Amino acid sequence: MTRLSPTAAAVSELQMAGSVSARVPDRRRWPLYVAAVIGVALIVMPLVFNMFDRAPKGATMLEEFRPFMTTARLDGFQADIRQVSAAVAETNGPVSQRLRSSAGSGAGSSSFPSSYTSLSSQWPVIDATMTNLLDKVQGNLGNYRAVAALPSFTLFPWFFVLPGVITLGLAGAGLLWPRRRGRVRVALVVLGVGLILAPAVFQMWQRAPEGGRMMSAFRTIETTSNVERIQGYFSTMASGQGAIRLDIVPALERSGLTTAEIESQFPAVATLDSNWVHILNDMTPMIGAMSDGVPDYQAISSLPAFPLFPWFFVLPGVVLGGLALLIRPQGAS
Amino acid sequence: MLRVLPGAALAMLAVVALAGCGSSSSHTATSGTPLVGTFHLTAGSCSGPSVTGTYFQMIQPGGTIAAGKYFENPDSPCVNKSYTSGTPGRDGGLVTGRYQPNPVPAFNRLQSALADEILAPQSFTEIDFAISTNALDPQTGLKVPAPEVYDNNGRLSGQIEAWSAAWNDQYFNQGSPKPNGTSPGLTSPLTGTYDASTHAFLLTWASQVVGGPFNGFTGYWHLQGTFAPSPA
């Protein structure tokens with residue numbers, strides 16, 4: 001008996017399938033066609049949602065925020081704001097009184113440089129905005145960690161494309177080689193189960209909604225106008241601190257106080273003065289990350305909502321598994 | 001005849017290739033005599049609200065070069081704190097035709113910048129900033145040409161893509177055009193004047209910061225002094 005080569009066997013199967021289908025409609029094929037459509041949909045979905053461009057930006061944003069998303073670092077920012085707040089309160093109160101009394105009369109806070117009065121007048125708004133922002137970020141620390149623990153965003157499109165290619169390949173194999181539909185069926189069941197289990201394996205059911213909450217919280221933070229507002233606050237704070245350091249503290253010295261007396265009588269002003277470089281070292285990179293994160297945030301916020309992501313795996317998995325069960329290997333009744 | 005064609009085609013391809021990638025200043029319209037040497041800077045000097053010599057200003061997002069709103073540097077010696085005056089560095093100023101790179105390390109432990117060839121480091125909100133020109137722009141990582149300035153009957157033009165400010169452990173490209181050849185926002189070309197008899201020059205340009213904490217701010221640079229050509 002002559003053995004056919006694999007290619008010849010496939011051609012023979014195709015001819016048989018063709019001759020059979022020419023005579024009798026093969027109603028067992030439709031699940032394979034549907035599977036092929038699902039495969040194509042999975043391949044096309046990342047392109048439709050522009051995931052190859054947007055998903056890496058999500059990875060970039062998470063990476064840019066990573067140095068700042070620790071309890072210690074966020075507590076440090078809150079402490080920085082409290083230091084400025086305390087120094088402004090002290091300057092407006094005891095420091096102003098000291099300078100007024102030493103001047104005799106008439107000179108009070110109105111004699112402060114305009115760069116300080118600008119800080120003083122804006123501080124309640126700056127304080128409230130920055131504290132609210134930091135509270136919001138701190139409140140989403142857990143959500144950030146959950147998202148950061150997911151597989152890299154850069155891989156996301158491939159989570160759709162690879163199952164899509166496999167599904168399309170299996171469906172094509174089932175259509176081309178009817179005798180191998182038994183194997184195709186098993187493979188599709190395995191693939192379907194894999195897709196159903198994937199969100200559980202990656203803890204997406206918990207992490208994706210947390211990511212969604214983080215994205216919602218950052219919606220008002222990661223905007224160009226908000227970043228520009230914070231840049232303006234930073235400018236006001238820097239000028240105001242300069243006025244304290246270069247005008248107000250020297251005025252206290254001229255009023256007869258030594259450096260040690262200023263430190264003991266006006267500890268908040270002295271602390272801000274000595275910590276200012278540290279505050280700058282601390283805060284400017286965060287503002288930079290916020291600024292650089294705006295286009296990245298906008299890119300990933302235009303992806304489908306995070307809580308839907310597990311369903312993008314489960315639904316095709318369920319459908320593929322169900323279709324696989326409907327596939328009847330050739331010869332089966 | 002047929003033998004000549006491949007040679008001619010190759011020659012044409014070579015010309016096209018050279019025109020396309022050879023010139024470091026391909027982004028900038030430049031003409032005139034190249035001024036290769038040192039643009040010795042006159043230190044910035046404040047007299048009342050006006051400033052002469054070398055200085056820079058930082059314009060906040062949404063502002064204009066002429067009217068601001070400006071970032072006020074409390075450490076400026078000027079009455080008008082929007083001006084930060086410059087003091088010549090160890091090389092006396094800007095050198096064209098070669099780089100004046102960042103030292104290693106580029107920052108001290110307080111994250112003040114240390115480059116001091118073009119300008120002496122200058123305090124900016126209590127942290128020193130410094131200027132350098134580097135073959136690889138430190139902010140973008142892109143390759144940039146060494147500064148070039150051309151004199152065309154007393155009018156200066158050129159490119160200064162490599163001009164880089166360092167501050168607080170961060171780099172900000174302040175060149176024009178930007179390292180990718182674009183001129184975003186208020187970025188304006190390098191222009192100026194040159195008196196060939198006295199060698200007195202004035203160079204100005206503006207460069208918008210792209211990325212980082214000062215994203216959208218624009219640096220306006222005003223360099224003044226005397227040009228000394230490199231020895232032939």
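1. Of the 333 residues of chain A, 34% count as buried. Buried here means that 20 or more other C-beta atoms lie within 10 Å of a residue's own; 12 or fewer makes it exposed, anything in between partly exposed, and C-beta atoms are placed from the backbone. This is a predicted model: local features need pLDDT of at least 70, side-chain atom pairs count only at pLDDT 80 or more, and totals for chains, interfaces and linings use all residues. Residues are numbered from 1 along each chain as its sequence is written, while chains are lettered from A and ligands numbered from 1 in the order in which they are written.

2. Chain A has 13 helices and zero strands. Helices (H or I, at least four residues) and strands (E, at least two) are DSSP runs, numbered from the N terminus. Among contacts in chain A between residues at least 6 apart in sequence, 92% join residues at least 24 apart. A contact needs two C-beta atoms, placed from the backbone, within 7 Å.

3. Check the confidence of chain A. Its pLDDT (the predictor's confidence in each residue, from 0 to 100) averages 88, and 89% of the residues score at least 70. Helix α1 (residues 6–23) is lowest, with a mean of 47, and helix α11 (residues 259–265) is highest, at 97. Residues 9–24 of chain A fall below 50; beyond near neighbours in sequence, this stretch has 10 contacts in the model. Residues 105–110 of chain A are also below 50, with six such contacts.

4. Next, the cores. A nonpolar core is a set of buried Ala, Val, Leu, Ile, Met, Phe, Trp, Tyr and Cys residues joined through C-beta atoms within 7 Å. The largest has 84 residues, and A:I244, A:I248, A:V269, B:A113 and B:A166 touch the most other members. A second, separate core of 39 residues includes A:A35, A:L150, A:F306 and A:L320. Leaving aside neighbours within four places in sequence, B:A113 contacts residues including B:F107, B:P121, B:A166 and B:W167.

5. The two chains meet through 19 residues from chain A and 18 residues from chain B. On the chain A side, α10 (224–254) and α12 each supply at least two residues. That side has seven nonpolar, 10 polar and two charged residues. In this count Ala, Val, Leu, Ile, Met, Phe, Trp, Tyr, Cys and Pro are nonpolar, Asp, Glu, Lys and Arg are charged, and the others, Gly among them, are polar.

6. A:V294 lies in helix α12 (residues 267–301) of chain A. It counts as partly exposed because it has 19 C-beta neighbours inside 10 Å. Its C-alpha atom is 8.6 Å from that of A:M61, 233 residues apart along the chain.

7. Chain B has an open, antiparallel sheet of four strands, in the order β9-β10-β13-β14. Strands pair if DSSP finds at least two bridges between them. β9 (122–124) and β14 (170–173) each have a single partner strand, so one side of each is left without a neighbour in the sheet. Four bridges join β13 (residues 163–167) to β14(B). Within β14(B), B:Y171 is the bridge partner of B:A166.

8. Some backbone geometry in chain B deserves a look. Most residues other than glycine have a negative phi, and most peptide bonds are trans. The bond from B:G68 to B:K69 is cis, with omega near 15°. B:V104 and B:P105 are also joined by a cis peptide bond, with omega about 0°. B:Q111 has a positive phi near 70° and is buried. B:N153 has a positive phi of about 55°, but is exposed.
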